[in-house]
Amino acid sequence: MITRVLLVAFALLACNAAFADERILGYDIEVQVRRDGSLDVTERIMVHAEGTNIRRGIYRTFPTRYRDRFGNAVKVDLQVLSLLRNDESEPWFTEDDRNGVRINFGNDNFLPVPADYTYTLRYRTTRQLGFFDDHDELYWNAIGSDWAFPIDEGRVDVFLPAPVEVEKMTAEGYTGVPGSKEQAYRAEIVEPGHAHWELTRQLQPSEGFTIVLSFPKNLIAAPSIAQRMAWVLKDNRGILIGLIGLLLLVVYCVREWSRVGRDPRKGVIIARYEPPEGQSPASLRFLMRMGYDMRCFSSDVLALAVAGCLRIVQDKGFFKDEWRLESTGAPPPAGASTGQRALLGGLFKDGERTLVLKNTNATQLSAARSAQSKAIDDVLQPRYYKQNTGSIAKVIVPCAIRCLNGVLLQNSASM
């Protein structure tokens, strides 16, 4: 007697467990490819609800944001057309998901359970086709991997906008977890322009079904370069804001250059065989380049040697010669420039009379050149030219800020 009671209790528990097994009994998808490249999709999802996870309805997660092979953000369109439950209109609403949209079926009302329900979802989506050199392709994640229930059966039918010869169509696919190359399905080209896929095993939670349909080119017009660029700018706000910022910076730079950077008109050019009073070869080269270089240094060294302020001495060596500068003690001539005076004072500090031109004296040579450069620049700027560093800073700072904002916007768009 006790054994019979235990058997009956075990049977009841088994029945309750079987009935409590919420699942998707069937998942049928019909895809109509339109002439403009958009897809009209009808999904018939048959579920068994027990009130555990399926209480008010189910939800369908639809990815709308991803990255292309160049790393650019891509956002496809999704428009829900209708939702039925057992052929009766059913309320729905959408909310943002981590990489797309979640379509919630139903409202706050609880479903009578246990029961089987058939949901019919119709929606339209765009930019799902791939256009390649020798063919076009629909690579479609027909059954996503976000379902928390097992899926007993699944079928997909795709109809092209015009009949296409059977031998010119190829139907492939993948099943399992994301990234899996498993092919647990049967596929056939039913008739021209119509392909059919059917699962050959049950899908477990977090497993999906991806189909691939290849067909000849020119059946659907590929997007133009202008359209592709418009999509890139629309989906990547950082690039758009960066381009707008760049355009504004170019306009500002042109206006600022016209205001402060434009050189005056050249007057009559007269040949002169002596430098202007107070100028040296180094200062004239500095003025021409609006900057200092080694020729400025060497030309003033030669000028000081000609004036008798120093001597340039070469000591012959076995492997290489050694050069040194020797001070004569003579003061700079009356016509010496401020740059030459600064250079002479920097070369012979603290009463030194000799400076060997070698690496060990590089610090002293560098200090002398810096003193010469500053002295020349103090004389020439702003009398003869302006660096306009303030105007340059007005460009660099906003440009850096805009670049930083563009990077932040790009990262936020991809999250």
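I started at Arg124, which is partly exposed at a relative accessible area of 25%. My scale is buried under 20% relative accessible area, exposed over 50% and partly exposed in between (1.4 Å probe, protein chains only). I'm working from a predicted model, where local features need pLDDT of at least 70 and side-chain atom pairs count only at pLDDT 80 or more, while totals for chains, interfaces and linings use all residues. Residues are numbered from 1 along each chain as its sequence is written, and side-chain values use heavy atoms, with hydrogens and water left out.

**Entry 1: salt bridges**

Who does Arg124 pair with? Its side chain meets that of Asp40 in a salt bridge, 2.5 Å from N to O. I found Arg124 in strand β10 (residues 115–125) and Asp40 in strand β2 (residues 39–49), so this pair links distant parts of the chain, 84 residues apart. Helices (H or I, at least four residues) and strands (E, at least two) are DSSP runs here, numbered from the N terminus. Asp40 came out buried, with a relative accessible area of 14%.

Next I looked up Asp136, whose side chain forms a salt bridge with that of Lys217 at 2.9 Å, N to O. Buried or exposed, for Asp136? It counts as buried, at 1% relative accessibility. Lys217 counts as partly exposed, at 30%.

I also noted Glu153, bridged to Arg155 with the closest N and O atoms 3.3 Å apart. Glu153 is partly exposed at a relative accessible area of 42%. Then I traced shared partners: salt bridges join Arg34, Asp36, Asp40 and Arg124 into one network.

**Entry 2: Glu90**

I went to the loop between β7 (88–89) and β8 (92–96), where Glu90 is found. Glu90 is buried, with a relative accessible area of 8%. What does Glu90 touch? Leaving out residues up to four places away in sequence, I get Arg56, Leu83, Leu84, Arg85, Gly106 and Tyr119; contact means heavy atoms within 4.5 Å. I also took the C-alpha separation of Glu90 and Leu121: it is 9.7 Å, with the two residues 31 apart along the chain.

The peptide bond from Val113 to Pro114 is cis, with omega near -5°. Pro114 is in the loop between β9 (100–105) and β10.

Ser206 has phi near 75°; it is in the loop between β16 (194–199) and β17 and is partly exposed at 42%. Asn218 also has phi near 75°. It belongs to the loop between β17 and α2 and is exposed, with a relative accessible area of 73%.

**Entry 3: helices against α7**

How do α6 and α7 pack? Helix α6 (residues 338–347) and helix α7 (residues 362–380) meet at about 160°, axes 8 Å apart. Axes are lines fitted to C-alpha atoms, for helices over the stretch in contact, and angles run from 0 to 180 degrees between N-to-C directions. I therefore call α6 and α7 roughly antiparallel: under 35 degrees is roughly parallel, over 145 roughly antiparallel, 65 to 115 roughly perpendicular and the rest oblique.

The α6 side of the contact is Thr338, Gly339, Ala342, Leu343, Gly346 and Leu347, and the α7 side is Gln364, Leu365, Ala368, Ala371, Gln372, Ala375, Ile376 and Val379. These residues split into 9 nonpolar, 5 polar and no charged. For that sorting, Ala, Val, Leu, Ile, Met, Phe, Trp, Tyr, Cys and Pro are nonpolar, Asp, Glu, Lys and Arg charged, and the others, Gly among them, polar.

Last, I checked helix α5 (residues 294–306): its axis comes within 11 Å of that of α7, crossing at roughly 90°. The two are therefore roughly perpendicular. Met294, Cys296, Phe297 and Asp300 of α5 make the contact with Leu365, Arg369 and Gln372 of α7. I get 4 nonpolar, 1 polar and 2 charged residues for the contact of α5 with α7.

Definitions and conventions. Salt bridge = Lys/Arg side-chain N within 4 Å of Asp/Glu carboxyl O.
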